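Okay, thanks for coming, everyone. Let me put the thing on screen and walk you through it.

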Amino acid sequence: MADAQMESRFTPWLLGLFLLSLLILLGLARFVWLQGQGIQDRVQRLAAEDLAQLVQINRLRSSFMEQSLALQRLYATADAEDFGRNQQARRERLHQHLRDWRQLCPSCGELDRLAQLQGRIEQHGTALFDIMRSKPIDWDASRTELYAADDLAMQADALLTQWVDGIGASTERSRQQLHSGTRELVFSVLAAVLAILLLASFVAYFSWRLLVEARLRRRLALFPERNPLPVYSLAADARLLYANPAAEHMRQQLVPEAADAGALLPAELAAQLPALLREQGQAEWEYELAGASLQAGIHCLKDLGVCHAYVRDISAQRQAERQLSHQALHDAVTDLANRRAFEDELEQMLDQGRSGAILLLHLNRFHSIIKSLGHAMGDQVLRASAERLSQALTAAADDSRLFRFEGELFAVLLTTPDSLDASQALSRQLQQSMLQPLDLAGRELVFTLSLGASHFPRDGKDADRLMRRAHSALQQLLQANGEGLLHFSPEMDQRALEWLELEQDLRQAQPRDELELFYQPQLDLASGWLTGVEALVRWRHPQRGLVSPADFIPLAEETGLILPMGEWILRRACTQAMAWREAGLPPLVMAVNLSARQFQDPGLPELVQQILRETGLPAEWLELEITESAAMQDLDQAIQGLQALQAIGLQLAIDDFGTGYSSLAYLSRFPLDKLKIDQSFVRQMTTEASDLTIVRALVALARGLNLRLIAEGVETSEQEQLLQELGCDQVQGYKYSRPLPSAELEAFLRGLTNPA
Ligand code: C2E
Ligand code: MG
Ligand code: MG
C-alpha cells in the first residue's frame, strides 16, 4: 500500500522529467544534424574551391617560372632559334592557365593585374628576342630587357604568393571551424547518448512500475478467488453477493444438498446483520455443522453497505484439543485414566463428603519383566493386566474405577460407606483375575497383586494424606514380600520411617563387614547322614542385633543391593565349603539361595563359574536354590537360565515349593535336581488334612519327575516320621539343628563324622 502511495506522489515529477529529457534529446538531435551539415559544407568547400585554386596557382606559378627560365636561357645561350621554337607554346599554356584561373575565380580582381604583368613580360621578352637575333648583340640592352622581364615575373610571383597566402588563411579558418564544429558534434553526440540513457532508464523504470502494479492488482484480484478459506460478501439483507470457490468447495463437502455456499454461515447471522452494518461492527461465531466444527467471522462496511464474512473449519483443532485433554488425563499405554484424573476425582469426592477407599495395586515382578524382556513386552503386560483388572471391576459392578499410575502401579477408587468389606471383596476378585497366566507373544507370564488401601474419611480427609497412607500400606506389604490386601493402620507411618532407616544402614552393611553366613544342615531321612548345608545370611546390625534375612532381603531386592550382596554370599559359601573339605570334614553339598533378581541377571552363570574357579570348589558340590515364585515369573527365560547353570555342573533346587503357581508342564522341562517342600506345609501336615494331601502330592510329583525331595522346617519327630512314611528323601529343620555360625557348624559336623 505504501508503495502505491509513493508511486502516485512521484508520477507527475517523473513524467515531467521524461518529457524534458525527450525535448532535450530532440533539440540535441537537431543540433547534431545542423553541426554535421556545417562540417559537410566546410569540407566540401575546402575540397572543391580552396584546393582547386591552389592547384591552379601552382600551375600559373610554374608557367611564369618556365617563361623566366626560357628568357634567362635565351640571354645565356643567345640561341634565338631555340627560344623562338617553344615561345609560342609557352605563351599559349600560360594564357590557358590564366583563362582557367579566371573561370575558377571570376571575382578575383587581381587577375587583370596578373594579365597586365604577363603582357609586359611578353613585351620585354619579344624585345630580348629581337636583340638576341641582331648582330652584333647589344648585351647591355638585352640585359636591361631581361632584368625588366625578371622584375615583372617577380611581381607576378609576389601576387601569386599573396593569393596562396589568402587561400591558406581561408583554409586555416575553415580548419578551425571544422575543428570546433567536430568538437561540438562529439559533445552533442555524448549529450545525446546521455539523454538516450536517461530516457531508456525512465522507460525501463516506468515499465517495471507498470509490471509491479499489474502484478499487485492481479494478486489483489486473486485474493478472494484463491483464498483457501471460504470468503463471502453479503448485502444488508443477508443476500449473498459473492462466495469464493473455497466456500463452494466446503459446501459440497459438508452440505451438498444446500442451494448455495451461504448455507455454511451461522443461522443467526441474518438476524444480526442489519445491526452490525449500522454500527460498522464485527462478530464471531463457533458452531457445529454436519459433524464439523466451524468458526465464522464477519465485519461490516457501513459506507459500502456490505459485510465481508469468512468461515474456517476448526474440526482438526478441536479434535487436537480434545485429544490433548484426553492425553492429559489418560495413560498412553493402557488408555486408563491417569493419576491426575484420579486426584481430580478423589478431590471431588472428598469435597462432596463421600466415603470410600483408595486401593493401590502393585503388579508384582513387573520390574524384573521389563529388565529381562524389555519395555515393549512391559507395555503388553500392562495392557493385558489393565484389561483383566477392568473386567474384574466391571464384574464386581460396584461404583469403582480403575486408574493407571506410573510403572507397575494401578489404583482403584471405591465409593461406598462400607469400604472396608467392599475393598476386601474387590481385592479378592482382582487377584483372582490375575491367576491365569498372561499369554503374551508366546510366553506365559504370571503376575500377582499386592494391594495397599486407605479409607476415607477414616484415614484422612485430604487427598494427599490418603494417598500417602495407601502407599504406606502397600509398601509394608511389599516389604513383607506379601501378596493380597493390606489396610492402612496408624503404626505403619512409624514402620515406614524405620524401613527408610534400615535401607540406609543396609547400604553400609557390606562395606562394614556386618554380614555373616549361618549354615543349616540337611540330612538324609533314611540313614540320618548329613548330605549338605544351606547357607543363610545374617546381618549383625550394631544397634538392632542379628537381623533376619526375611527383614532385609526384600529391601535388598528392591534397592538392587542384592546383587553385590549375593555375590559376596556365593563367594563366602564356596570358600567355606572348600575350607571344610580341606579340613578333612565329610564332603557336603553347599546350598546357596538366589533371589529373583540374581536369577534374572544374565551375568549369573559367568559369575558362578568365576567363583568356582577362584575357590576351587568342584561344581557338583554347589547347589543353587531358586524360589518357586522367581522361577515361574518368566517360564521360558527360567528354562534358559536353569540350563545355563546346569551346564556348569552344579545342582539346582526349587525352594519353597508349593507356594507359587507352578505350571507343571514347565516344571517337567526345568533341569532340576531337587524340590524343597515349603515349611508351611510341613508345619501343618500333622494337623491339617489339606496340607498332608499337598505333601503327599508333592512326593508323588517328585517321584514322577525323578527329583529328590527335601522337607524344610521339620521341628518334630511326628513330622519326621510322617515324612519318612510318605517317602521324602531329605530333611532340614530345627529338629536337627538351627542355622549355625561356621565354627559351631564345624563342631556339629565333627560330632557327626563319628556317630558311633
Ligand atoms: P529359605 O531359603 O526357605 O530358608 C529356610 C528358612 O527357614 C530359614 O530362615 C531357616 O532359618 C528357616 N528354618 C529352617 N528350619 C526351620 C524350622 O524347623 N522351623 C522354622 N520355623 N524355620 C526354620 P531364614 O534364615 O530366616 O531365611 C529366610 C529366607 O530368607 C530364606 O528362606 C531365604 O528365602 C532367604 N534367605 C536367607 N539367606 C539368604 C541368602 O543368602 N540369599 C538369599 N537370596 N536369600 C536368603
Ligand atoms: Mg532356601
Ligand atoms: Mg524355603
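So, Leu 234 stands opposite Cys 307 in β5. That's where strand β1 (residues 231–235) pairs with strand β5 (residues 306–313), antiparallel, over five bridges. Pairing here means DSSP finds at least two bridges between two strands, and the elements themselves are DSSP runs numbered from the N terminus: helices are H or I with at least four residues, strands are E with at least two.

Quick caveats: it's a predicted model, where local features need pLDDT of at least 70, side-chain atom pairs count only at pLDDT 80 or more, and totals for chains, interfaces and linings use all residues. Residues are numbered from 1 along each chain as its sequence is written, chains are lettered from A and ligands numbered from 1 in the order in which they are written, and side-chain values use heavy atoms, with hydrogens and water left out.

Back to the sheet. Five strands make an open, antiparallel sheet in the order β2-β1-β5-β4-β3. β2 (240–243) and β3 (282–289) sit at the edges with a single partner strand each, so one side of each has no neighbour in the sheet. Twist averages 20° from one strand to the next; axes are lines fitted to C-alpha atoms, for helices over the stretch in contact, and angles run from 0 to 180 degrees between N-to-C directions.

Now the helices. α6 (residues 269–278) packs on the sheet and touches β1, β3, β4 (292–301) and β5, with its direction at about 30° to β4's; contact means heavy atoms within 4.5 Å. Helix α7 (residues 315–329) lies across β3, β4 and β5, at about 130° to β4.
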